[in-house]
Amino acid sequence: MTDALFGRLDLSSLSIWHALQDPTPSELVAAGAAMAVILGGLGVLVLLTWFRLWGPLWRDWLTSVDHKRIGIMYCALALIMLARGVIEGVLMRTQQAFGLDGGFLTPDHFSQLFSTHGTIMIFFVAMPFIAGVINYVMPLQIGARDMAFPVMNQISLGLTATGAALVMISLVLGKFSTGGWANYPPYTGADFQPGPGPDYWIWAITLAGIGTTLSGINFAVTIYKERAPGMHFLRMPIFCWTVICTSIIMIFALPPLTVAALMLAADRYLEFHFFTNDLGGNMMNYVNLFWLFGHPEVYLLVIPCYGMFSEVITTYSGKRIYGYMSMVYATMSIAVLSFCVWLHHFFTMGQSANVNAAFGIASMAIAVPTGVKIYNWIATLFRGRVRMTVPMIYAVGFFYLFTIGGLTGVMLANPVISYQVHNTLFLVAHFHNVIIPGVLFGLLAGYHYWFPKAFGFRLHEGWGRAAAILWIIGFSFTFLPLYWLGLHGMPRRSPTFAEPSFQPIMWLALFGAALILSALTCLAIQLWISIRRRDQLAVPLGDPWDGRALEWSIPSPPPPYNFAVVPRVTARDDFAEAKAAGRAYAEPEAYEDIEMPNNTAIGLDVCVCSTLMGVALVFWIWWLAVLSLAVMLLALVGRTFHTRNHHVIPAARVAAEHRAWLAKVQAATAVDRLQETHTRNMGRAMPERPNRTEAAE
């Protein structure tokens, strides 16, 4: 029975209510998480009110269409969700460490944890973080003033935030799916899970997936159409090449996931039988659709991080990237091959030997262009004056850990080996061995590298080094031992085990998880201390690392219009070439009026309405679902009637701001690499090799 007003939402939907009724350790943990969400939200509201920040928040952030602010909000969302994802991971490791004696979580609660952990880390940490970095950096690197579609960019952020909000709401109301991050039917069908759990997953992923598809279109069109004069494709930084390939994957890989989720919704809501065990349903259709998204998704995540590592390695070795063309070809090859390997995720499900062999060969072949990239990075470092800053520490950890993960991936590309270790912790170790060093380390390296560009001050180096080292060591202790457990038959997704010899390894993994939690804490402390000491760490002149691409040629943080005059590009690493030739920081011949898009609340409207609609669909509150959808559609249609969508920044204002900055640059003393982390570094770096800018090869 459902209520006409509240659907199936009642008092029993509250996690806290279950803890009051049955105060077991598992229920108390769930209630504690719910209280953390509630109190955290109230705390944010109180702080915003106390410090009178509602006006700036509305004016400068929630209604902004500036690609830089949208990028920062994406990254902030990802870091918040990272905290939850890491805590859930530590909780699972703790449960398994005590699993020989049964642990403290129920199997159902443990299943929810690994489902939310995977969903959050893939869809609401890695993807928003990547979208945020791309949003911020890519337009600056190609000399653009903004994204091709600024308002659509804001809507994409709103839909992504909606998905994250639904996952967070599931801590307070109802329960999340227990079907894993892939949400496999028929287990997630209405017959097996009639509750709201799978519905939370469906609507979070569907809405966020639409936002990601729109982002892919926006990124691709921006690179195709908004590049500065002279920046043809083979003058773009490697990071921008990785963005092109990532955009293609976003555009073509996300729709299969959206379709699969909506077909599953039709099964659950409308009694269709796409993926059931009866009446013509076939769950293998879901598996094919999901992994047609799922394996390109792995490269959607890792390819832009390859670009981030490329930027970090070239900057901190003082050299151009070795083998530029081979890096471009390798990136494009990985993007194409990523669509040809999805079936290796279900080698054990009954395909013929010939089909398995074909996909096994394709899965091995994709390691070749990845190896090319690693060799090129090492060659770039060779004979370079390498500075072991925080981003380079992450890069070194990436080199050795990602190589191990890649080699185990080649092993799993063999259908015979894959069959033997299927559904064991060996797969968990391999997956994390690729994603954490390849994606998370790349994102954290990029976060530290571009942070001063975004905010005008550097992050504290000491706490950053502590965090990087703890991430690397913590990962090694947490996941490398799982290979041994998997080879000895320990199944994944199991909250308990019966083999006493597994327990010491589980405790070792728990120790590693504690180090990872410490690394996350160090990141929070680093940010807090950096904000407190931002005057000492300030780099307003814009180039603290002796950067090579266009983003380092403008102030930190950049003005809303990015460039006073759109640059004319004459070479790869154009800013490095300009510094070497002595033509950097030259005043342009003339300034022009700049037209920029106005702020709008349409993205916030979409976010609020789609969140309400998602909750309504989860709990069958049909009137609210219809009302929310109607308001959202009216807002979108109403937006099309706006005629004054731009404002003009006068040339005189642009000239005054730019000349004032140039005067500060000319008055500043350039600092060398030894003073990079010193308070004397105001953002004007001494060129590493002013008379040698030719390619390393």
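Me: What makes the crossing of α7 and α19 right-handed or left-handed?

Reply: The crossing of α7 and α19 is right-handed. A crossing takes that name if the near helix is turned clockwise from the far one by less than a right angle, and is left-handed if the turn is anticlockwise. The model is a predicted one, in which local features need pLDDT of at least 70 and side-chain atom pairs count only at pLDDT 80 or more, while totals for chains, interfaces and linings use all residues. Residues are numbered from 1 along each chain as its sequence is written, and side-chain values use heavy atoms, with hydrogens and water left out.

Me: Why are α7 and α19 called roughly antiparallel?

Reply: The axes of α7 (residues 197-225) and α19 (residues 602-618) cross at roughly 155° and come within 9 Å. Angles over 145 degrees count as roughly antiparallel, under 35 as roughly parallel, 65 to 115 as roughly perpendicular and the rest as oblique. The two helices are therefore roughly antiparallel to each other. The axes are lines fitted to C-alpha atoms over the stretch in contact, and angles run from 0 to 180 degrees between N-to-C directions. Helices themselves are DSSP runs (H or I, at least four residues), numbered from the N terminus.

Me: Which residues of α7 and α19 meet?

Reply: From α7, Asp 199, Tyr 200, Trp 203 and Leu 207 meet Ser 610, Met 613, Gly 614, Leu 617 and Val 618 of α19; contact means heavy atoms within 4.5 Å. These residues divide into 6 nonpolar, 2 polar and 1 charged. Here Ala, Val, Leu, Ile, Met, Phe, Trp, Tyr, Cys and Pro count as nonpolar, Asp, Glu, Lys and Arg as charged, and the others, Gly among them, as polar.

Me: Why is Asn 183 called buried, and what is its phi?

Reply: Asn 183 has a relative accessible area of 0%, and buried means under 20%, exposed over 50% and partly exposed in between (1.4 Å probe, protein chains only). Asn 183 is therefore buried. Its phi is positive, about 55°, although Asn 183 is not a glycine. Most residues other than glycine have a negative phi, and most peptide bonds are trans. Asn 183 is in the loop between α6 and α7, which also holds Pro 186. The peptide bond from Pro 185 to Pro 186 is cis, with omega near 0°.

Me: What makes Arg 493 partly exposed?

Reply: Arg 493 has a relative accessible area of 43%, so it counts as partly exposed. Arg 493 lies in the loop between α16 and α17 and has a positive phi, near 60°.

Me: How do you know that Cys 609 is in no disulfide?

Reply: A disulfide is a pair of cysteine sulfur atoms within 2.5 Å. For Cys 609 the nearest cysteine sulfur, that of Cys 607, is 9.4 Å away. A search of the whole structure finds 0 disulfides. Cys 609 counts as buried at 11% relative accessibility.

Me: Why is Glu 551 called buried, and what does Glu 551 touch?

Reply: Glu 551 is called buried because its relative accessible area is 0%. Leaving aside neighbours within four places in sequence, Glu 551 is in contact with Val 137, Leu 140, Gln 141, Trp 450 and Lys 453. Glu 551 lies in the loop between α17 and α18. Pro 557 is also in the loop between α17 and α18, and the peptide bond from Ser 556 to Pro 557 is cis, with omega near -10°.
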